[in-house]
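Hi everyone, thanks for coming.

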Amino acid sequence: MSGLILDNVVEDIQNITTTTSPSSGNVVLNALNYLSTISYWKIFFTFIFVGLVWDQVSYQIKKGSIAGPNFKVWPIIGPFLESLDPKFEEYKAKWDSGPLSCVSIFHKFVVIASTRELARKILQSPKFVKPCVVDVAIKILRPSNWVFLDGKEHTDYRKSLNGLFTQQALSQYLPSQELVMDEYIKKFIEFSKSNDYKPQVYFHEMREIMCALSLKAFCGDYITKDQIRKVADDYYLVTAALELVNFPIILPYTKTWYGKKVADMTMKIFEGCAQMAKDHAAKNGKPVCVLDAWAKLIHDAKTSDDPDAKFLHREFSNREMSEAVFTFLFASQDASSSLACWLFQILADRPDVLQKVREEQLEVRNGNPKERLTLPLIDKMKYTNMVIKETLRYRPPVLMVPYVVKKNFPVADNYTAPKGAMLIPTLYPALHDPEVYENPDDFIPERWVEGSKANEAKRNWLVFGSGPHVCLGQKYVMMTFAGLIGKFALESNWEHEITPLSETIKVFATIFPKDDLLLTFKKRDPLTGQISE
Ligand code: HEM
């Protein structure tokens with residue numbers, strides 16, 4: 001077939017070239033004569049062969065001298081199939097293979113940095129890198145969302161948001177968060193009762209309580225119980241839609257389509273809440289949630305003479321505020337659920353640690369378990385705080401933070417990461433560095449006492465990242481978890497069924513116990529410690 005078409009072309013060219021330039025015509029003719037002798041199949045396989053060779057050569061050029069497979073074992077796709085089901089042990093092997101290592105998946109060249117200094121250097125080099133988001137994130141979070149800003153625009157926007165997460169602002173959110181904690185202590189006990197107090201999976205319950213706590217802190221009473229339940233029930237569809245490996249086009253009834261629907265529905269709710277918060281601020285109402293705090297900053301800026309206040313807290317639209325609040329939920333949900341799962345598991349497995357938390361909780365309340373949460377009260381919870389810090393170090397929810405290289409980046413003396421590559425600083429190795437954390441695979445809250453080696457090693461504390469994109473919610477996390485675990489420790493007793501998979505790490509955006517956390521809760525008298533059904 002291909003021969004036939006080429007025969008016709010050769011004939012046409014012969015006609016043309018005999019009337020124009022005979023010598024250039026000969027070269028073209030010879031080439032076409034040759035092509036007329038080969039079939040489409042040959043052309044097809046030649047293209048494939050050239051493509052495969054180029055794939056390997058390009059991999060070698062980008063890899064340079066860093067660790068990584070000598071060639072792509074699976075041509076083109078690379079370890080794509082493994083990446084669909086990521087395993088912690090495989091990540092760890094990669095980190096151990098060298099300070100910089102690489103893989104190539106399809107056309108994406110990925111460089112992984114596993115030392116503390118390299119990780120810090122990447123996180124603090126906004127000139128060369130920016131956070132890498134999956135293609136579909138732009139559609140789900142919307143292109144106008146602040147998280148996609150870069151450089152100065154990003155820094156300026158963040159300055160506006162910082163005011164929502166100061167100590168003073170956070171203390172205003174505590175009373176409504178405490179109501180959610182009270183509700184869920186009862187809920188967890190009821191849930192266990194419904195299963196005759198036999199241990200059952202609590203992974204989903206942990207995600208739900210985290211979502212409810214965030215929504216209350218962000219939207220206060222503007223969001224209804226039904227809306228909280230709906231978002232908490234459906235939010236996992238957003239996580240699934242934003243997994244690293246997903247189809248970039250949103251087709252009906254696919255994971256990304258369901259994810260977008262939930263994101264739109266949630267942002268619609270937030271938009272309504274933003275308007276109510278603005279109305280509240282206009283009446284000089286007291287702020288009790290993030291949206292209130294934001295609306296008040298906007299309101300105050302209008303009457304202020306300070307040009308900085310005016311610049312940082314210009315008129316933000318309801319839509320813009322709803323998109324930002326959605327990113328808070330998105331950033332917090334998986335990482336906080338991960339921390340919650342490990343914290344409840346670890347405390348149940350170490351009754352001595354839980355006992356000390358309980359003693360401290362009564363002590364800071366001067367023996368009055370009914371004392372409501374305030375920031376000064378939480379500040380006194382030194383040991384509880386050490387337990388949370390050690391959980392974050394021992395099981396850091398975020399293992400790695402993907403960035404993308406904007407221009408060739410000399411990340412190490414012997415290596416320049418090429419433009420367009422994905423560059424991934426890892427956080428786990430710095431948090432398990434035996435030089436700073438003796439016996440890093442043991443859970444030792446006492447290592448965080450003031451003045452200790454661990455406490456002084458600020459450069460290793462990468463749990464919340466570093467640089468211009470460092471976690472906006474880190475103070476919020478420490479405050480919320482101290483309040484939460486303290487109250488659960490006083491008012492409930494929980495037991496954990498240890499399985500061979502309890503200490504094995506499952507990677508699902510963040511990390512979780514592989515057996516999904518088998519727990520059971522009972523009511524506890526905070527003063528006598530008596531447990532009742
Ligand atoms: C245990 C819980 C959490 C952990 C371990 C965690 C960790 C992180 C990490 C590692 C980053 C990337 C930092 C970087 O690129 O340098 C990040 C970014 C971020 N986090 Fe968190 N996070 C947690 C909870 C939260 C919460 C509760 C909120 C909001 C209330 C939040 C809001 C954000 C935001 C908005 C960013 C992006 C900041 C930016 O791009 O400027 N996070 N977080």
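Let me start with a question for you: is Tyr 197 buried, partly exposed or exposed? Have a look before I tell you. By the way, what you're looking at is a predicted model.

Okay, Tyr 197 counts as partly exposed, because it has 14 C-beta neighbours inside 10 Å. You'll find Tyr 197 in the loop between H9 and strand E4 (200-201). Most residues other than glycine have a negative phi.

Asn 284 isn't a glycine either, and its phi is positive, at about 60°. Asn 284 sits in the loop between H13 and H14. With 8 C-beta neighbours inside 10 Å, Asn 284 counts as exposed.

Now follow the chain into helix H14, which runs over residues 290-303. H14 has 14 residues and reaches 21 Å from its first C-alpha to its last, close to the expected 20 Å. Its buried residues include Leu 291, Trp 294 and His 299. And what covers them? Among the elements doing that are helix H9 (167-193), helix H10 (203-219), helix H13 (255-282) and helix H16 (318-349).

Keep an eye on Leu 291. The largest nonpolar core has 132 residues, and Leu 291 and Leu 423 are the ones with the most contacts inside it. H16 supplies the largest share of this core, 17 residues. In soluble globular proteins, nonpolar side chains tend to be buried together. Leaving aside neighbours within four places in sequence, Leu 291 is in contact with residues including Phe 218, Tyr 222, Met 321 and Val 325.

H16 comes up again at the ligand. There are 26 residues around the ligand, and Ser 332, Ala 335, Gly 465, Cys 471 and Gly 473 come nearest. Two elements give two or more residues to that shell, H16 and helix H22 (474-491). H16 gives the most, with seven residues. By class, the shell has 17 nonpolar, eight polar and one charged residues.

One last stop: Ser 101, in strand E1. Why is Ser 101 called buried? Because 21 other C-beta atoms lie within 10 Å. Not counting residues up to four places away in sequence, Ser 101 touches Ile 66, Ala 67, Gly 68, Lys 94 and Ile 112. Phe 44, though, is 57 residues away along the chain, and its C-alpha is separated from that of Ser 101 by 34 Å.

That's my tour, thanks!

Note on methods:
Residues numbered from 1 in each chain as written. Predicted model: local features only at pLDDT ≥ 70, side-chain atom pairs only at ≥ 80, totals over all residues. Helix = DSSP H or I, 4+ residues; strand = E, 2+ residues; numbered from the N terminus. Buried ≥ 20, exposed ≤ 12 C-beta atoms within 10 Å, placed from the backbone. Contact = placed C-beta atoms within 7 Å. Expected span 1.5 Å × (residues − 1). Core = buried A, V, L, I, M, F, W, Y, C linked by C-beta atoms within 7 Å. Near = placed C-beta within 6 Å. Nonpolar A, V, L, I, M, F, W, Y, C, P; charged D, E, K, R; others polar.
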